[in-house]
Amino acid sequence: MLPYSFPGHALAFLRNSEEVLATGKKYFGCTNHPFALNLGGSIFYAIFNPVDVAAVFNAGPKLSFDGFLHGIMAEFGSSQTAIQKVLNVPDESQLGLSPRQSVSELAHHFQVKQTSGSELKLLIQHIVCFFQENLLLEGLKNHTSPSFYVDCDGEKCVSLKYWTAEVFIHAGQNAYFGDELLKIDPTLPQVLMRMDELSWQIFYRYPWFLRPELNRLTSRLRSTLHQYLKLPKHQRKSVAWFTQFLESEYRRVGLDDEDIAAQMLFLYWGINTNVSKVGYWMMAHIAFDPSLAEIVREETEPAFQEDESLDVEYLANACPRLNCLWLEVLRLSASSTTLRYITEDQELGNYLLRKGRALMISARQLHHDETAFGEDAHLFKPDRFLKSPKLQRSYCFRPFGGGKTLCPGRHLAKWMVLSFIAIVFRRYDVDLAKPQKFPRYQENKPAIGIISGCDDVFLRLKARK
Ligand code: HEM
């Protein structure tokens with residue numbers, strides 16, 4: 001156990017979780033052995049050794065995610081009865097024609113189907129068309145956030161933070177929910193963006209009475225989704241069939257509209273927030289290094305057809321430098337924490353993890369591991385993965401988690417970000433609007449997936465001839 005004084009590590013952890021983990025590692029001689037933390041009376045083992053991490057991802061039900069999922073669903077507004085129904089695995093007597101899987105497991109399975117193979121291609125085609133329209137200068141005028149344009153010495157400049165958030169959230173929302181959500185509340189992407197900034201309070205179980213703004217935002221999002229569900233199904237058509245499939249599954253197990261809206265909020269948040277933040281970091285790195293913009297233009301040019309349509313598979317398979325940039329940006333910006341409950345005593349290497357406790361794996365700690373990534377692990381090196389392609393298969397590279405809960409949206413996320421970057425740099429010369437420092441990572445707030453930037457970046461966009 002990492003030594004602590006009353007009341008444990010929780011306050012320091014809330015202030016800067018990664019610093020607590022890094023300090024603990026140093027305290028135990030940088031050995032990568034697990035150690036325990038006391039967070040609000042609960043004991044968590046922090047796991048760092050990549051071999052242990054792989055064992056955790058491959059462990060069966062002795063290490064369970066459901067306990068955490070249960071808590072998160074409740075925080076998003078689901079009733080206890082609804083959560084039981086979503087997580088319940090039907091027994092033989094309840095089976096009938098339904099599969100022997102919980103709705104939550106089915107959702108994972110069908111989200112994988114929706115975001116792979118020909119289904120993924122259809123989805124991305126739709127999203128690319130959306131980008132093509134919304135990344136025209138006239139398209140940018142459709143923004144809804146008051147902070148979208150900023151005055152830089154009398155010149156109108158774009159806020160990278162609001163631009164990426166709006167475009168990606170609109171695109172994801174449109175693909176999964178169709179046009180209707182935006183008609184009900186055109187400012188929904190902004191509401192989600194603010195909610196996401198505060199969402200760490202949910203995951204770190206901040207007392208509800210200390211988070212009035214977050215409560216207000218989640219209830220507004222739920223209420224919009226509730227109104228959406230009241231519309232006839234044919235009016236809510238979206239390119240992703242998954243949304244209506246999930247709704248039918250929720251109805252099959254007896255959820256009402258209010259509970260379905262709470263579950264849909266979880267989906268809406270999950271598909272939209274991390275992607276826009278990687279888009280932000282990719283853009284920031286390229287804007288701060290014009291040589292990267294040239295590489296992107298040169299490499300992606302053949303992906304554009306005569307009619308300007310975009311071959312996304314070309315981007316994903318034939319643009320090595322762009323893909324390595326994506327990997328390096330993910331390495332430095334992914335800050336997801338994997339959590340598992342220990343439901344039975346479990347050996348891990350030479351250690352025994354005790355039943356009733358929990359464990360955590362920080363992607364950020366793994367991604368800064370010098371044995372895997374070298375002494376310059378803390379630096380951004382756009383060609384790191386180009387020089388060592390095997391790094392992307394390293395046990396230390398875990399931007400999307402692993403095992404049973406490996407992110408099903410990882411291909412969609414990559415295709416979205418690569419398309420966005422290719423279109424932007426084909427359309428525009430992108431310059432920093434004024435002298436600015438590269439944005440700092442927001443390390444003083446617990447991150448859930450991709451870390452936010454402390455600072456915005458202001459850009460001047462000039463249409464290319
Ligand atoms: C760059 C963007 C993204 C990142 C970094 C990311 C990261 C992650 C991580 C680390 C997990 C594992 C959580 C855990 O095991 O504790 C996860 C799970 C998940 N992600 Fe993503 N994600 C991204 C984009 C997406 C997108 C676009 C979608 C949907 C289209 C999505 C849907 C999901 C779902 C449904 C799960 C839960 C899997 C399950 O347990 O059933 N993600 N994601």
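**A sheet, a ligand shell and a nonpolar core**

Good morning. I begin with two strands: strand 6, residues 337-342, and strand 9, residues 358-362, pair in the antiparallel sense over 5 bridges. Please keep in mind that this is a predicted model. Within this pairing, Arg-340 has Leu-359 of strand 9 as its bridge partner.

I turn now to the ligand. Which residues are closest to the ligand? They are His-108, Gly-401, Thr-405, Cys-407 and Gly-409, out of 22 residues that surround it. Helix 7 (103-114), helix 16 (257-288) and helix 23 (410-427) are the elements that each give two or more residues to this shell. Helix 16 supplies the largest share, with 5 residues.

The largest nonpolar core contains 114 residues. Helix 16 again gives the largest share, here 16 residues. The residues with the most contacts inside the core are Ile-127, Val-278, Met-282, Met-416, Val-417, Ile-421 and Ala-422. Let us take Met-416 as an example: leaving aside residues up to four places away in sequence, Met-416 touches Ile-127, Phe-168, Ala-171 and Val-275. In soluble globular proteins, nonpolar side chains tend to be buried together.

Thank you for your attention.

Terms used: Residues numbered from 1 in each chain as written. Predicted model: local features only at pLDDT ≥ 70, side-chain atom pairs only at ≥ 80, totals over all residues. Pairing = 2+ DSSP bridges. Helix = DSSP H or I, 4+ residues; strand = E, 2+ residues; numbered from the N terminus. Near = placed C-beta within 6 Å. Core = buried A, V, L, I, M, F, W, Y, C linked by C-beta atoms within 7 Å. Buried ≥ 20, exposed ≤ 12 C-beta atoms within 10 Å, placed from the backbone. Contact = placed C-beta atoms within 7 Å.
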